[in-house]
Amino acid sequence: LIGMLQRKVRSVVVFHNSEVALKPRADFDPFQRKPKADDIADDLACFFGINIPDAVVDYKRNQVFREDDFPDVVTRLQEAQAEGRGPSRTAGTALRLGFAATSLGCIFLEPLNGRIS
């Protein structure tokens with residue numbers, strides 16, 4: 001994703017695969033607290049500037065979306081998960097530059113400062 005943004009690609013589809021399953025809303029409310037290592041994949045959260053303390057890798061320079069957008073995106077994913085439409089360990093999460101796409105609709109996401117250098 002970051003390499004595509006640096007190259008000023010107008011739209012990007014990212015299929016995110018992770019060994020960490022997204023916790024349901026009953027176990028993790030992104031409006032109430034920051035995620036822990038077993039709540040959501042650290043390499044997805046980092047795109048929103050969320051650095052999970054137990055992460056093995058330093059992702060501090062990987063933020064490309066506003067941190068304020070994180071709870072909305074996670075909540076939409078959790079709603080889809082609760083309705084059996086993903087995400088799960090086998091279903092990918094699609095992020096399109098400008099939008100977080102799920103079958104629930106889209107959430108507008110803008111890269112920080114409109115670009116990344």
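Me: Which residue's backbone oxygen does the side chain of Thr75 reach, and at what separation?
Reply: The model we are looking at is a predicted one, and its values are computed from the predicted atoms. Thr75 lies in helix H3, and its side chain reaches a backbone oxygen at 2.7 Å. The residue that carries this oxygen is Pro71.

Me: Is Thr75 buried or exposed?
Reply: A residue counts as buried when its relative accessible area is under 20%. Thr75 has a relative accessible area of 9%, so it is buried. Leaving aside residues up to four places away in sequence, Thr75 touches Arg25, Pro30 and Phe31. The word asked for is therefore "buried".

Me: Which residues of H3 are buried?
Reply: Thr75 is one of the buried residues in this helix.

Me: What span should the 13 residues of H3 have, and how far apart are its end C-alpha atoms?
Reply: The expected span is 1.5 Å times one less than the number of residues in the helix. For the 13 residues of H3 this gives 18 Å, which agrees with the separation of the end C-alpha atoms. H3 is followed by Gly84, whose phi is positive, near 80°.

Me: Which element gives the most residues to the largest nonpolar core?
Reply: This core has 19 residues, and those touching the most other members are Ile40, Ala45, Phe47, Phe48, Phe70 and Val74. The elements that give two or more residues to the core are H2 and H3. With four residues, the element that gives the most is H3.

Me: Which residues does Ile40 touch, not counting residues up to four places away in sequence?
Reply: Ile40 is among the core residues that touch the most other members. When residues up to four places away in sequence are not counted, Ile40 touches Val20, Leu22, Pro35, Ala45, Ile52, Phe70 and Val74.

Me: Why is the pair formed by the rings of Phe48 and Phe65 called tilted?
Reply: The structure holds two aromatic pairs, and in this one the ring centres of Phe48 and Phe65 are 5.4 Å apart. Planes under 30 degrees apart would count as stacked and those over 60 as edge-to-face, with the rest counted as tilted. The planes of Phe48 and Phe65 stand at 35°, so the pair is tilted.

Me: How many residues apart are Phe48 and Phe65, and where do they lie?
Reply: Phe48 is buried, with a relative accessible area of 1%, and Phe65 is also buried, with a relative accessible area of 1%. Ring pairs link Phe48, Phe65 and Phe70 into a cluster. Phe48 and Phe65 are both found in the loop between H2 and H3, and their pair links distant parts of the chain, 17 residues apart.

Me: What separates the C-alpha atoms of Tyr59 and Asp43?
Reply: Tyr59 is found in the loop between H2 and H3, and at 16% relative accessibility it counts as buried. Apart from residues up to four places away in sequence, Tyr59 touches Asp42, Asp43, Cys46 and Asn51. Although Tyr59 and Asp43 are 16 residues apart along the chain, the separation of their C-alpha atoms is 7.2 Å.

Notes
Residues are numbered from 1 along each chain as its sequence is written. This is a predicted model: local features need pLDDT of at least 70, side-chain atom pairs count only at pLDDT 80 or more; totals for chains, interfaces and linings use all residues. Side-chain values use heavy atoms; hydrogens and water are left out. Rings of Phe, Tyr and Trp (its six-membered ring) pair if their centres lie within 6.5 Å; planes under 30 degrees apart count as stacked, over 60 as edge-to-face and the rest as tilted. Buried means under 20% relative accessible area, exposed over 50%, partly exposed in between (1.4 Å probe, protein chains only). A nonpolar core is a set of buried Ala, Val, Leu, Ile, Met, Phe, Trp, Tyr and Cys residues joined through side-chain atoms within 4.5 Å. Contact means heavy atoms within 4.5 Å. A polar contact is a pair of N or O atoms within 3.5 Å; within protein, one must be able to donate a hydrogen and the other to accept it, and residues adjacent in sequence count only if both atoms are side-chain atoms.
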